[in-house]
Each structure stands twice: as C-alpha cells, then as structure tokens.
Amino acid sequence: MGADFSWARQFELDVDFGYVSHDTPNPPRKHNPLIVLNEDGTTVLRTLRDELAHCQSFTFSVAFVSSAAIALLKQDLLDFRGRGRIITSDYLGFNTPEAFEELHALTNLGVDVRLHRAAGFHPKGYIFQHANSVTAMMGSSNLTPSALLRNHEWNLKVTAAVGSDLGAQLARLVEGQLIDSVSLSEEWIAAYAQTYTAPPRRLPRIPTDVSALDPVSGGEPAGDRTPPFPPTAIQPNQMQRDALDALSRVRASGETRAVIISATGTGKTILSALDVRAVNPRRLLFVVHREQVLDRSIQEYRYVLGGSDESYGKLSGSAKDLTARYLFATIQTLSQPHFLSQLPADLFDYVIIDEAHRAGASSHRRVLGHFEPVFLLGMTATPERTDGFNVFKLFDYNVPYEIRLNHALEEGMLAPFHYYGIADATFTDSTTVEATSNLPKLISPDRVDHLIWALETYGQAGVAPKGLIFCSRKDEARALSEALDQSSLRGRPLRTTALTGDDSVEQREGAVKRLEGGELDYILTVDVFNEGVDIPSVNQVVMLRQTESSIVFVQQLGRGLRKSVGKEYLVVIDFIGNYTNNYLIPIALFGDDSLNKESLRQNLIAAEESGAISGLSSVHFDKIAQERILRSITATRLDDMSRLKAAIVAMRNRVGTVPRLWDFFRFESVDPVLLATKREHYPALIERALKEDTELSHSESRALQLLSAEVFPAKRAHELTLLKELLADTRVPASRIVDAFESAGLPATGLHVDSAVSSFTLEGYAEVDLIRYRGGVAECDADGSVSLHPEVATAYRANPRFREEVDDLVETGLALIAKNYDSRQKFTAGRQYSRKEVLRNLGLPRKWASTLYGYKVDRETRTCPIFVTLHKAHDVSVSTAYADALLDETTMLWYTRSRRTMQSAEVRTIVSNDVDLHVFVKKDDAEGTDFYYLGQATSHEAEQTKMGDLDVVRMRLRFAQRIEPGLYDYFHPTFTATPAPG
C-alpha cells in the first residue's frame, strides 16, 4: 500500500509538472511528458534503451525496420526478461529480406515478430508496459539507425496510469495490432525474397561529391569496375580536401617530406593519387611492402589519373617496367643493389612510401638513402611503434593531417560496426577462459557450442557470414576450424579454414579468394591478417583471444571496416575471458590513451548510456563482460612508470622534442593532470623518464609543485584565471579578480574569490600541506589584494624554463576544464571529485578533507556535501554499514550517521532542506579516493530507524536532475548475464 501510494504521489507530481505548472517543486521527473529528439546529448535510441531496461513488456509498431537498427538494440533485447512484440509490414518494399531475416531471428530471444495486414502501414510507435503505468513514444522515428541517432525527428513520450483512459486506449491499440497481424514466418520471408525489388534510391537533396556516392569510401573502385566518368571528374571528399590542402601548405613552406596518418579503409591510396594529380610530377615512385598490393594500387591510381597502360609499371619479382612514368615497386625488389644502381637518385620527383611504419627496416633505409625526390610522402594507419623506430623523425616531424578511426567513422568513410563484448564460455566446473587455459579447454565442446551460439545470436541473420576469427594459438585455430566444420550455423554446414604464419602466401591468398567468393564462411587465424590485407567484403570480426595490444586490436578491427557493395555494417564479437589485460579493450575501442581510470570508466558509461559511438557504430557489453573489464581497470596500475615513460617517449618521437603537457592534450594522449601530479611536477617526471635536468631551483620547484597539485587540477577555471592575472601583474586587487572571473563567464561571488585565492595562499589548508609546499606562492594584503611572492614573480620573469612550465599549466589546464567541466556550476554531473576538491568548490577549508567522512553540514555556506560508498568492505562495523542505495535514476535511499535522531541539529537542517545537498558516490573503496558527482538533491520522507542498536535517520534524496542512465547502471548492484546456449 505504501509503495502504491509512493508511486501515485510521484506520478501526481510529474503530471502536475508536465501538464500544469513547470514550477512544481522537486518533481521525480520519471513520468512527465518529453519531446524526444536526436540532439542536445540525447537520442531516440537512448530513450528506447532506457525504457527497455525498466519495462515489463514492449510493443514496437513501425513501418520501416533495418538490420542495423536491430543490431543497435540486440544486447538490450538479449538482456530483456519480459514479453516483447515488434509489428511491421512490407509497405513500400522498404524492409529488405535481410531485415526480415534479422527480425525473425529475434523470435529465438522470445520476441513476437508480426506482419500487419494493412495496405498502408505507416506507424512509428513504441509502447512500454510497467507495473503501474504505460509509456508510449510516438512520432516520426522508424526503426533505422539514422532515425534513432541522427535524423531530425520529432517524438512525444507520454506516460499514463494503467487504469487511466489513455492507458485503456493504448491497451486497445496493442490488442488491435495483434488481431490485424500474423506471425512472421520463414516461408513468408522466402516468398518475399523471390519477388523483392528494392525501392528506387532517393537522390540526395544537395549535390554530393562523386567519391561520396561511390560504394567504397573515398572514391575507391568496387572490384574491377570501369569508372563511368573521366578520371579527372574524381573529386576528394571533405576530409581528403582538408588533407590535400594541408599537404599543399607543407610543400609551400619549403618542406620536402611528410607523413599522413590515415585509418585503415579510409582511402589513403586514393588520397595520395589525388595529391599526385595536383602536383603532376614528371616521375612517380610508389613503394609497397607486398607484391599483392601492387595491382590494386595501380588500379586506384588509374582510376584517379587516367592515362595509358604504358604510363604505369611494376618493379617486382614478376615485372621490371623501369621506364614507366608511374612506377609501383615492392620494397623487396627495389632495395636490391642491382635495381637501385639502374635508377638515378633524382629520377623521381615524388616518392610515396606505403605502410610507412615499416620504413625502419634496412631495406627501406637503403631505398630512402638512395633517392633524392622533390617530395617524399609516407602513409600509415599505425605510426606508433614498439621497436623504437621513430616514424615521425624520418619525415621531419611533418604530419599535415590525421584521419583517425573515430573521425573516419563520424564522416562515414568506413563501414559502421556493432561491437558486442560478451563473456567467454563458462565450463562445467564454473571456470572460464583465462590466459593460462590449456588447449583442451579452448577447443572443448562447451566452448565450441558457446562460439556457435554467439555467431547465431549476434551475427546478421539474413546475410551469409564472411568472417575472420582471431585466435590465441596456432593449434587452437586449427582444432577449432576442424570442430566448426563438423557444426552448422542456422541449419547450414559451416565451412572454415585455419591460416597461420606457417602457411604460404599462395595459401593465404587462395583462402581469401574462397572467402570473398562465398566458398568459406570463416578464416581462423593467429595474427596473419593484422595488417596489409584488403578484404572489403568481411562482415564479421571475431576476437577469440585476449587483447594484448590496443594497436593490434584496432588493426584487427580494421580488417572489416572497408566499405563494400552489399555490406551494411560490420559485426564484431569479442569473447572476454578472465584476463588481466581487459582494460585494453576500452583503450582500443575509444582511442583512449589517457591512462586515466576515470576516463576509461566514463567511456564505458557513455557507450552504454547512448548506445552508439562514432557515426552509426555501437559498443555493447553483456553484464559479465562489463564487470570483467571494470575489474581489470580497477586492478591495473595504468600510471606505472613504464607506461608513462613509453608514452612520453612516443610523444617526443611525435613532436621531435621534449613534449609539453599541451602536446598530450592536443594529441588526445595521456591525461596531462596525471603527468603533472605523478611526481612533484611534470619536469620531475621528465627527469625520471628521459634523464633531462629540470633546470629549476629548489624554490622554483616548490612553487611549481604547488601550482601543479593545487591549481592545475582544480576542475574549474577560477584558479587558472587568477594565476593568469598574477603572472601579468604580481599584485591584483580584489575588484580585478571579480572582473577577471566575470570576463571569463565565471561565477564571481566573494566565496569564489576567497576559495580561489586560498589555493595560492594555502589559507585553510592542513599542516601537512603547509610543510609539503613550505608555504604558499601568494599572500593577501590588508586591502584584499593578492600578491605573488617576489621570488616566484622573479623566477617567472628570469627563468625561461620555469616560465614555460607555468604557461604550459595555464594553457593546458584551461583547455582541459573547457572540455570536461562546466565552471559555471559548482560541480559537473558524472565527473569525479576528491574530498579536497569538493571543499575547494564549496569554499570550505581544505584541512577538513582528512576528517570529512559521510557528510558535513556547513551553515555559513548553506551547503552539505554527502559522500557515499555503495558497496562497503566486509570488515565495516554494524554501526557504519549503512544500506545506502540508488533506488532509481532520480532517488537515493540514504542514512545519516549513527546516534542521530530527528531532533539532532544537523539532521533537522538536512531534513528541512536548509542547506544545498551535493551527493558524491563511488562503487567501492577499490576505485580509489575520488567520488562521482551525481547532482544536487533534496531530502524527502525522513524517518527515524535503527542501525543495529543505534539510532539513525533514513530518508530519500531526490535529485534535481535525473542521473544519466549509463552512470546509474554502473552503480546499480543488479547484474544479469547473457543467457548461455542451451
């Protein structure tokens, strides 16, 4: 009764807020009407996923459905435990036979898929049934990726009580849909496929580049097709135009060499051909590392440049066309002294090195040392090396343009992918796959069954698989291939083969042709296809091994990202065992090189929350796999010295000098705050990693240490804005501080000024900090002015190294804050804060941090920060083992300290909402000392109760803004596993 009343009261508040008065105080915001758009950080997909996570049943009635949209929701449907229905039709022939096959496969998950009989079936409605209510979203969005993520869509989401008139109308609507529809069957799909004709492709609303219309990104030809237009008509897409302009600027500045970083599948060969067309060299040399690449490269160049057959020649084991204007050569043949001696050093105006990350080999060095071209261009997707070779140095540190994976996906240059991270097989002894698992376990019937189940569940039902399965061992690949060949997939015998480094090039090429020709379903391999192999038709990549390198992960993922005629998207299935290296998966998927655990967790949360990443791609984990990754992140020392040194060396190679913090920010590498605070300051870390003298005096080092630890990581712009003023004029009046804050768009109350100033004077800091820094770097005058200490001001003017380091902190710090935090608010929801940082932003003494546990009521500032650890350690006493819990995205159940009653002064202050409550949460102590900020809250339904034998007050904290679903799911203690086969 109490629960029903509570729900009814929440619903009443939301109805009043949504339909009557926007000023309703503290509505739960769970049932109020919402306009759902694809903008402002939300999407239609996000709304659907949120509803699926909480409803008891659903009904989708949509005219148009695509396979890719089902892929976006597949993990949600797998995790769903209620009753689901999807009703559609063959209206206008939009839905392909493959989409119907994918829909029919959902019946294996318990979804009732139906065909409506209406001749003009055109609804776009989504209905979700809950225990007490029913929610409906209706508007313009069909079940397609663009409609769910990108298109300009209007949808209205409303909620009604089950017993309401609207609830009854929706129930009748669903009942009518069921009456007027029939179950989708394989027989119907087969008949539909025989007569199916795709509707005419709609023309774009505005003129589009020819390259953008081509099925293969960047204007690359599909197969052996002859271009239907003169080669000179081939035009670059926008990213290629930007790259060509950058190359032109490099040459105009007098540079003679450069390297382009271009993700696999983004058309770097076409890009180089477009640049050659612009330069129009007298002679061109194009160097590749494998003969199999030559013909495709020549074909693409002819596609762009045109010209006679005689203009193009090969230098390889099978051809010696040394007089051709455009010579395409393998490094193996070209590097032989016999051939180099026949080619004068200045013969070629333009030399291009494909896969330039290989150029550290002696054969490449011999070639590059011989030729003296007007311009040398390198191209690579992976410039990062583990063998010490500096690709950037070879090309004079000139990187005119980078087309990284996430940007290429955003621009639609690659096929979108749908990644599913799933738990590897669980065996009869309750163990799972580990790095040390022996061969019998890796090829056991349990694991083979689990593999086939995953291929059937996550693979595209209506499309024949053309997949690469990456295994951990050669014997595993061969044995699994044999086992799969004795199995079937969706009723059809599987056809696979295993390839390893022991197989010849001819055997590999033969297997690739069989895969592309439809004679094979899967090739099982051990790192053979990491790079240098072009198989555009690959539509599945299966990771059946632990991730040992984020670079290799991206290389293997890239095998399936090339666009190809008939390929809608790539399916990636990653079997995640109990591996210590699982933290590398988010690093690879999100391109997150920050070495920051918060950043990795944030990326995982964001992916779960939105349901999509770059472009129309998506990343989903089942709950067990997600927990394994999070556990690996928690257990791994990402910031150990070996990783930091490797990152610093890599950045030095990238920029050609000792890198600044700014370099790590602009190249989206290691978190600059981590680098600045790992040791006393960043120069001290550089000294440790590179043996470079800091060139700082003791007083300069202490000052830089304070600025690095107290000002740089402030997570708001006030401190750095004040530092800029102090550096410009060592004595700054209080009024000018206010003006500086206001000019920067920052809150500028006396509290903001005082708390910012204290970061320099150390006013209110603990004794241990005063000893650590030996005092502050500034002091307050009697009139409220702030003065930089003379020795600090003198050092900034006199020592270029000290000035450079301080300026680096200011520039980088302000950029980090602008990217990650909203300085107009005290805290940014979803970001992590330490107790000390919370005190700073609330204007409270920093020395309280060592004794601030649970919460702190401060009547002077009218604030109360609340710190909650959801999962308590086993040795926590009964008196402090509070059952704090997130009840939903708007409400937390929270307990005060023990020995508190409703009459306690601090409790009365909280219950009466006389102070602003700011709630910070972490999952457990293993996460470290920082807490996620969930938001500002108000107290409701307080009551006195017992914790053991001790008095305590329990209440509900209702958040002013709803907790983001991904963050809520991260903290919520209930996890469900994807069902195992059988």
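In strand β23, V572 is the bridge partner of Y419. This pair belongs to the seven bridges that join β16 (residues 417-423) to β23 (residues 570-576), two strands running parallel. The model is a predicted one, in which local features need pLDDT of at least 70 and side-chain atom pairs count only at pLDDT 80 or more, while totals for chains, interfaces and linings use all residues. Residues are numbered from 1 along each chain as its sequence is written, and side-chain values use heavy atoms, with hydrogens and water left out.

Seven strands form an open sheet with parallel pairing, in the order β20-β21-β17-β22-β23-β16-β24; two strands count as paired if DSSP finds at least two bridges between them. At its edges stand β20 (496-499) and β24 (618-621), each pairing on one side only. On average, neighbouring strands here are turned by 15 degrees against each other, direction ignored. Such angles run from 0 to 180 degrees between N-to-C directions, with axes taken as lines fitted to C-alpha atoms, for helices over the stretch in contact.

Helices also pack on this sheet. Helix α19 lies across β17 (467-471), β20, β21 (522-525) and β22 (540-544), and runs at about 175 degrees to β20. Helix α21 (residues 550-558) touches β16, β17, β22 and β23, its direction making about 150 degrees with that of β22. Contact here means heavy atoms within 4.5 Å.

The whole structure holds 44 salt bridges. In one of them, E476 pairs with R447, and the closest N and O atoms are 2.7 Å apart. This pair links distant parts of the chain, as E476 sits in α19 (residues 474-485) and R447 in helix α18 (residues 445-458), 29 residues apart.

A further open sheet has eight strands and mixed pairing, in the order β1-β7-β6-β5-β2-β3-β4-β8. Because β1 (34-36) and β8 (181-183) stand at the edges with a single partner strand each, one side of each is left without a neighbour in the sheet. From one strand to the next, the twist averages 20 degrees. The partner of β1 is β7 (residues 155-161), and the two pair in the antiparallel sense over three bridges. Within β7, N155 is the bridge partner of V36.

Helices α4 (residues 97-105) and α7 (residues 186-195) pack at an angle of about 170 degrees, their axes 9 Å apart. This makes α4 roughly antiparallel to α7, a class for angles over 145 degrees; those under 35 count as roughly parallel, 65 to 115 as roughly perpendicular and the rest as oblique. From α4, the contact involves P97, F100, E101 and H104, and from α7, E186, W188, I189, Y192 and A193.

Helices α9 (residues 238-252) and α10 (residues 268-279) pack at about 50 degrees, with axes 10 Å apart. That angle makes α9 oblique to α10. In this contact, Q240, A243, L244, L247 and R251 of α9 meet I270, L271, L274, D275 and V279 of α10. These residues divide into seven nonpolar, one polar and two charged, where Ala, Val, Leu, Ile, Met, Phe, Trp, Tyr, Cys and Pro count as nonpolar, Asp, Glu, Lys and Arg as charged, and the others, Gly among them, as polar.

Conventions. Helices (H or I, at least four residues) and strands (E, at least two) are DSSP runs, numbered from the N terminus. A salt bridge is a side-chain nitrogen of Lys or Arg within 4 Å of a carboxyl oxygen of Asp or Glu.
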